[in-house]
Amino acid sequence: MALVTHTSMNTDDAAAPDGAAASREPVISVSGLTKQYGDVQAVRGIDFEVARGETFGFLGPNGAGKTTTIKILCTLANATSGTARVAGHDAITERDAVRRNIGLVFQDTTLDTYLTAEQNLRFHAELYGVPKAAVVPRMHQVMDMVGLWERKDSLVSTYSGGMQRRLEIARGLLHAPHVLFLDEPTVGLDPQTRSSIWAYINDLKRREDITIFLTTHYMDEAEHCDRIAIIDHGKIVAIDTPEALKASVGKDRVQIHTDDDAAAIGALKEAFGIEAAVHEGAVTFSVPAGEQFVPRLFTELTVPIRSVSVSRPSLDDVFMSYTGTTIRDAEASGTDAMRAMAQRFRAGRR
Amino acid sequence: MATTTTEAAAASGPGLVEQIRVAVPERGLRHDLRATGIVWRRELIRFRTDRLRAITALIQPVLFLFVLGTGLSSLAGGNMPPGISFKTFIYPGVLAMSVLFTAIFSAASIVWDREFGFLREILVAPVSRASIVIGKCLGGATIATFQGIIFLILAGFAGVPYNPVLIIVLIGELLLLSFTLTAFGVMMAARIKQFQAFMALTQMLVMPLFFLSGALYPLSGLPAWLSVLTRIDPLTYIVGPMRHAVFSHLSMPAAFEQRFSPAITWAGWAVPLGLSLGIVAVMGAGMMAIAIAEFRKTE
C-alpha cells in the first residue's frame, strides 16, 4: 500500500557508485531529514530511497518542501537533522563527491544568457573537469540529444524558454552524472513545450544509464515517474508507483450516457445504492472495480444506456485522498502568481 | 513498473549505452586550475562582447582629464614648471580611476549572477570555492587593466611620455590596483544579495576613495584631518607610486617634484614605494581570503 514505510538505512559504505557493482545499493537514501528556516519547518522528517535507474518524482504544491529537499540532496543546503546519501556519498559531509556524480536542472534558468550555448557548456565542462579530449564529442552528443547542436553558436539570450530548458538539461548531462535532478523541469513553459521536454527526458532514460529525481506540481508529469512521493507540509504522505497510488484510492469513475438521466440516477440509487450526479453532460459515479461493475449495470439497470466509460482515478484524486485538498487549492496562497510576476519582472529587465 | 525499469537498467549496464566515457576526476590542483581558468576566461569573453561597457567606462576619466584638467589648468597653471600641465599632474590619479568602475562592475556580476541563477551553476560544481573566487578576482583584474590600457593610450594628450619602461610599470601597478579593487568588490558581493544595494554601496564608497587618494591634489601641506583621511584611503598607496613613476620620467626641478609628488608619510616617516605597493597587495589578498570564506558557507 501507499503508506510511508521506514526504510532501513544502509550504513556501511558499499562499493563506489562509479562501478556497476553498486547497482544494488539505492542511489539516493534519505532518513529522518528535517530542515528548519527560522521558525518555519520546511521539511519535517522524511525517509525514502531511490533505486538505480529509477525515475522518482516528488509531487506536491509549492511550499511543500520539494525544493528544500532537492537543495539538500544537491549539497546546496545543510539539513537541520537526518541524513541524505546520494550516489554512495553523504550529501552533507562529502559534498564534492556528491557534486561529481549529479547533474542539476533548476526551476529558474541558470544559464549565462550573454554567452553562446557552446560557451555555456564549455564553462560547465571545465568546471567539472571533463577530460579535455571528451569535451567536444560529449558536447556534440548532449546537444544533439536535445536538438540544439545547430544552434550552438547562438547567444543563449536569443533562445526561447523551451530551448533554454533543453540546453540546461544537456548541460546537466554533460559530465555524465549518475543522478539527474530536475527541479520543476517544465514550470513556466507552454503545454506543447512541456510535452517536448518530456519527450527528451524519456528519450534520455532510454539512452543513458541514469537515475532521475524530479519535483513537480503538475499531476500529468508525475505520470512519467516510476515511483512518486506525495509531499505536503514538509512530510511524505504517500510513496508508490502511480498505478498503485491510483489503485489505493480504490474507486473508478464511471460515466454513462442515457436517454433519461433523471430516471437513471433514481434507478442507480434503487438498484445499487449509488449516489450519482450529472457531470460533463453524463451521469457520473464512483465504484470499486469499474470494469466488473459494467456488466451488472447492463443487466440490472432498466433505463437504456447509450454509452459507458470507465476511468481510473487520476493522480488528482490520489492527491485529494491523501491530503484532503486538491493541489490547486493548496496553492491558492498565490505562490504561482508570485513566481509568474517575478519572471515577468526579470524578463523585463533583461 | 518501477521494478521492471530498475532491472532493465541494472541488467543492461553501461555497455548498452553508446556513451562517451566522461569520468569526472577526483578534485586536484589541475582540476581547480581549469576551474580558475574558465571563470577568468568568462570575464574576458563578456568584456570582449560588451564593447558599450568599455566605451562608457572611458567617459568619466576622459571628462576628469580633459574637462576638469583643462578647466583647472588656469588656476593651477601658475604653479606648474614650464612644459608640465595640470593634466600631467592628475593623469596618474585619473588613470587609477579608469579601472575603478570596471573592476567593481566585474565583481558586481556576482550579484547579478546570483539574481539570475548562474551563480548556482558555479556553486554546485565539484571545485574548491577558492579556485572560483581567484578566477573571478583575476578575471576582473585583467579586464580592468585592459580598460586602463585603453586610457593609457591617451597619455600623450596629458604630456606623459610613451616610455616603454614607464608603460610597463604603470600596467603592473594598474594590475595590482585592479586586483585589489575586484577582490574588494567580490568580498562585498559575497554578502550583499541585491544588485541595487551593491551598486549604491559601492558608488558611495568609490567617490570618497577617489577624492581622498590625492589623485586631484598633492598630499603635502594638507590640514591635519584631511591628511589623516588620505593615509587611511588604500587608493593613496597606489596613486602615489603611479605619480612617482610618471614624474620620474619627466624632467622638472627637484623642488617641484618634492612638492607635487611627495612620499606618503606616517607621522613624518616616509613609506617606501615597495611597502606602499605591498599594502595594496596584502589588502587585496586579505579581502579575497574573506570572500573565499564567505563563499564556503552553506545555508
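Reader: In which sense do β9(A) and strand β10 of chain A pair, and over how many bridges?

Author: Happy to start there. Helices (H or I, at least four residues) and strands (E, at least two) are DSSP runs numbered from the N terminus, and two strands pair if DSSP finds at least two bridges between them. Here β9(A) and β10(A), the latter covering residues 235-240, pair in the antiparallel sense over 5 bridges. Within that pairing, Ala229(A) has Ile239(A) as its bridge partner in β10(A). Before we go on, please note that this is a predicted model, in which local features need pLDDT of at least 70, side-chain atom pairs count only at pLDDT 80 or more, and totals for chains, interfaces and linings use all residues. Residues are numbered from 1 along each chain as its sequence is written, while chains are lettered from A and ligands numbered from 1 in the order in which they are written.

Reader: How many residues lie between the strands in the hairpin of β9(A) and β10(A), and which residue takes a positive phi?

Author: The hairpin has 2 residues between its strands, and His233(A) takes a positive phi near 50°.

Reader: Which strands pair with β3(A)?

Author: Strand β3 of chain A, residues 55-59, pairs with β9(A) in the parallel sense over 4 bridges. In that pairing Phe56(A) stands opposite Arg227(A), and Phe58(A) has Ala229(A) as its bridge partner. β3(A) also pairs in the parallel sense with strand β8 of chain A, residues 211-216, over 5 bridges; there, Phe58(A) stands opposite Thr215(A).

Reader: How many residues of β3(A) are buried?

Author: 5 of its 5 residues are buried. Thr55(A), Gly57(A) and Leu59(A) point one way, while Phe56(A) and Phe58(A) point the other way.

Reader: What does the domain assignment of chain A give?

Author: Domain bounds come from an automatic or database domain assignment. For chain A this gives domain 1 (20-246) and domain 2 (251-312), and their centres, taken over C-alpha atoms, are separated by 43 Å.

Reader: In what order do the 4 strands of the open sheet in chain A come?

Author: The order is β12-β13-β11-β14, with antiparallel pairing. β12 (277-279) and β14 (305-311) of chain A stand at the edges with a single partner strand each, so one side of each is left without a neighbour in the sheet. As for β11 (residues 251-258) and β13 (residues 282-288) of chain A, 6 bridges join them, and Lys251(A) stands opposite Pro288(A).

Reader: What does the secondary structure of chain B come to?

Author: Chain B has 12 helices and 2 strands. Its C-alpha atoms fill a box of roughly 90 × 35 × 35 Å along the principal axes, and 41% of its 299 residues count as buried.

Methods. Buried ≥ 20, exposed ≤ 12 C-beta atoms within 10 Å, placed from the backbone.
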